[in-house]
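Try each task before reading its solution.

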Amino acid sequence: LSGGMAEEAGVESAPPRRALRFERLCSAVDLAVDETLRACDFPTFLEAFGDLSAPNRDALFDAYTQVAQTLRRNTKEEFMSISTENDVDGKLQRLEQLLDDQQELADGTRRVPASTSAPEESVRAEVVAVKIAERDRLRSVLQKLEQDNQDLHEGLLQRRSDVFQASQTVQAVATPLREAVQRVETWEGVLSEGSQGYKGCLLSVKKK
């Protein structure tokens, strides 16, 4: 039957063939789930409920079965979702095709097939690689300059802070010194006035 006739006849088309390595990967996931459930079998599950396990054994068995089925189903769905998102099956199929295309040698090994890329594609790839390397180099230089500029800015801020702290220290020391000078000047005035009064008294005594 042709494709159209098969559809009209209600014959379902066969699902696309999966890569052998992908099938093995699915089997590995199933085995991993089996090992997980084997590590926590139903008797172990019952022990977690203590005295409640005996009178509720049937209900707990149903709960355990549901949990195991849910775990298996969710794990499989999550694995398939990640595989589809990253095209794991397609990539493994291309890998297997590359391996099939390798030329078998006399010793049983296979030769890696020659590249089928056109010369201009190879040149373009080399140019892109050079541009990427130059971009990375310039980006590194820019980062170094930005870091040096940041260090310089922080250094200036630190010096400004040091100058400000020194100014505050000088002011803190100058204030009591200024007050001390003022007190000395006040005492000098008082002493000077006292000296003048003392001299006046002496002159008055001599005249008498």
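**Exercise 1.** Find which residues on the other side of helix 2 are exposed.

*Solution.* Step 1: exposed means over 50% relative accessible area, buried under 20%, and partly exposed in between (1.4 Å probe, protein chains only). Step 2: Arg 24, Leu 31, Arg 38 and Ala 39 are the exposed residues on that side of helix 2. Helices are DSSP runs (H or I, at least four residues), numbered from the N terminus.

Before going on, note that this is a predicted model, where local features need pLDDT of at least 70 and side-chain atom pairs count only at pLDDT 80 or more, while totals for chains, interfaces and linings use all residues. Residues are numbered from 1 along each chain as its sequence is written, and side-chain values use heavy atoms, with hydrogens and water left out.

**Exercise 2.** Work out where the buried residues of helix 2 lie, seen down its axis.

*Solution.* Step 1: list them: Phe 22, Cys 26, Val 29, Val 33 and Leu 37. Step 4: look at the cover, which includes helix 4 (57-85) and helix 5 (88-101).

**Exercise 3.** Is Ser 53 buried or exposed?

*Solution.* Step 1: locate Ser 53 in the loop between helix 3 (42-47) and helix 4. Step 2: with a relative accessible area of 16%, Ser 53 is buried. Step 3: leaving aside neighbours within four places in sequence, Ser 53 is in contact (heavy atoms within 4.5 Å) with Leu 46 and Leu 60.

How values were computed: Helices (H or I, at least four residues) and strands (E, at least two) are DSSP runs, numbered from the N terminus. The arc is that of the directions from the helix axis to the C-beta atoms.
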